[in-house]
Amino acid sequence: MDLRHFQAFIAVAEELHFSRAAERLRIAQPPLSQRIRQMERELGVELFVRSTRSVSLTPAGESLLGPARKVVSGADEAREAALAGALGESGRVTIGFAGASSRIALPQLAGAVRERYPNLDLQLRGQTYANAALEQVREGSLDLGFVRLPFLTRGVDYVVIEREELICALPAAHPLAERPAVSLMDLVDEPFVTFPANSGSSLHAIGVQACMQAGFQPRVAQAAPDSYTILALVAAGVGVTLTLTSCKDIQPYGLVYKAISDFTPALYAALAWNTETASPATHSVVSVAKSLFSNHDWHVDAAASLPAANI
């Protein structure tokens with residue numbers, strides 16, 4: 001039996017008239033009668049009591065009507081699901097994120113996607129730092145990732161979500177805390193608290209690069225896995241750190257933020273996707289992201305924000 005048999009049975013069962021059922025299905029009566037007979041042969045039961053004046057359901061037909069409706073309804077749902085998937089209105093999209101830059105953008109994006117595409121399943125992967133997210137997007141194990149510009153990765157596109165600046169976080173009792181701003185060379189002898197070098201954090205690489213451009217290698221006193229822990233350690237007097245303006249809302253007791261007078265390039269956080277492997281559902285999320293974030297006047301070359309690539 002195929003779906004047409006169930007549709008024929010339901011039409012006759014509801015109309016209790018072969019001619020009207022055939023009109024409803026827009027087929028001739030002989031093919032309809034043939035489908036019913038085939039169904040009865042396959043089931044080994046009679047589904048209708050037929051006479052010259054009336055058609056009625058047998059007990060077997062009465063029992064079959066409910067399940068038959070479920071079969072047809074399930075087929076309709078499957079068809080709608082397939083169409084929704086092809087249109088990007090359903091499906092699963094994985095998003096990798098970490099750090100403060102996604103703290104505002106991710107809830108905005110997730111909320112807007114759920115409102116516009118309620119049948120789309122967002123899978124959010126925390127502790128996926130920018131460099132790791134970019135690599136996973138490139139290899140196709142992640143649909144979307146929060147990354148930082150610049151990068152030089154073929155087949156990966158992006159939308160900028162935030163413009164940031166590098167700043168310094170100091171213990172409130174530090175001698176430099178009284179200044180309106182600090183230079184990188186002011187930090188040459190300071191112990192640093194940073195992300196681990198192998199964490200995949202672009203902020204670690206950006207901070208090291210900035211210090212080396214100023215002429216020194218930062219001395220790392222302690223590494224920590226996230227910005228909240230790093231800033232808590234700075235507030236406790238373990239050392240100083242270079243962080244981003246998006247972290248300024250994190251305010252442990254005893255912490256101050258200072259502008260850096262000799263490092264001025266803007267830094268950009270972005271949402272990246274693989275243009276070669278992106279699914280329709282991923283493109284749907286991208287369209288929402290563009291509607292949320294593309295209204296900013298940011299025209300950024302993915303490879304030109306800083307001299308070095310892939311940080």
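Tutor: Helices (H or I, at least four residues) and strands (E, at least two) are DSSP runs, numbered from the N terminus. This is a predicted model, in which local features need pLDDT of at least 70, side-chain atom pairs count only at pLDDT 80 or more, and totals for chains, interfaces and linings use all residues. Residues are numbered from 1 along each chain as its sequence is written, and side-chain values use heavy atoms, with hydrogens and water left out.

Student: In which loop is Pro 150 found?

Tutor: Most peptide bonds are trans. The bond from Leu 149 to Pro 150 is cis, with omega near 10°. Pro 150 lies in the loop between β5 (144-148) and β6 (156-164).

Student: What is phi of Arg 26 near?

Tutor: Most residues other than glycine have a negative phi. Arg 26 sits in the loop between α2 and α3 (29-43). Its phi is positive although the residue is not glycine, and the value is near 60°.

Student: Is α1 parallel or oblique to α2?

Tutor: Axes are lines fitted to C-alpha atoms, for helices over the stretch in contact, and angles run from 0 to 180 degrees between N-to-C directions. The axes of α1 (residues 3-15) and α2 (residues 18-25) come within 8 Å and cross at roughly 130°. Angles under 35 degrees count as roughly parallel, over 145 as roughly antiparallel, 65 to 115 as roughly perpendicular and the rest as oblique. That makes α1, relative to α2, oblique.

Student: How many charged residues does the contact of α1 with α2 have?

Tutor: Contact means heavy atoms within 4.5 Å. Among the residues making it are Gln 7, Glu 14 and Glu 15 of α1 and Arg 20 and Arg 24 of α2. Ala, Val, Leu, Ile, Met, Phe, Trp, Tyr, Cys and Pro count as nonpolar, Asp, Glu, Lys and Arg as charged, and the others, Gly among them, as polar. By these classes the contact has seven nonpolar residues, one polar and, as charged residues, four.

Student: At what angle do α1 and α3 pack?

Tutor: Residues that meet here include Phe 6, Phe 9 and Val 12 in α1 and Leu 32, Ile 36 and Met 39 in α3. The two helices are roughly perpendicular to each other. Their axes are 9 Å apart, and the angle is about 105°.

Student: How many charged residues are in the contact of α2 with α3?

Tutor: The axes of α2 and α3 come within 9 Å and cross at roughly 105°. Phe 18, Ser 19, Ala 21, Ala 22 and Leu 25 in α2 meet Gln 29, Leu 32, Ser 33 and Ile 36 in α3. By class these are six nonpolar and three polar, and the number of charged residues is no charged residues.

Student: Which element gives the most to the lining of the second largest cavity?

Tutor: Two or more residues each come from β9 (191-194), α7 (202-214), α8 (227-235) and β11 (241-244). The lining has ten nonpolar, six polar and no charged residues. With five residues, the element that gives the most is α7.
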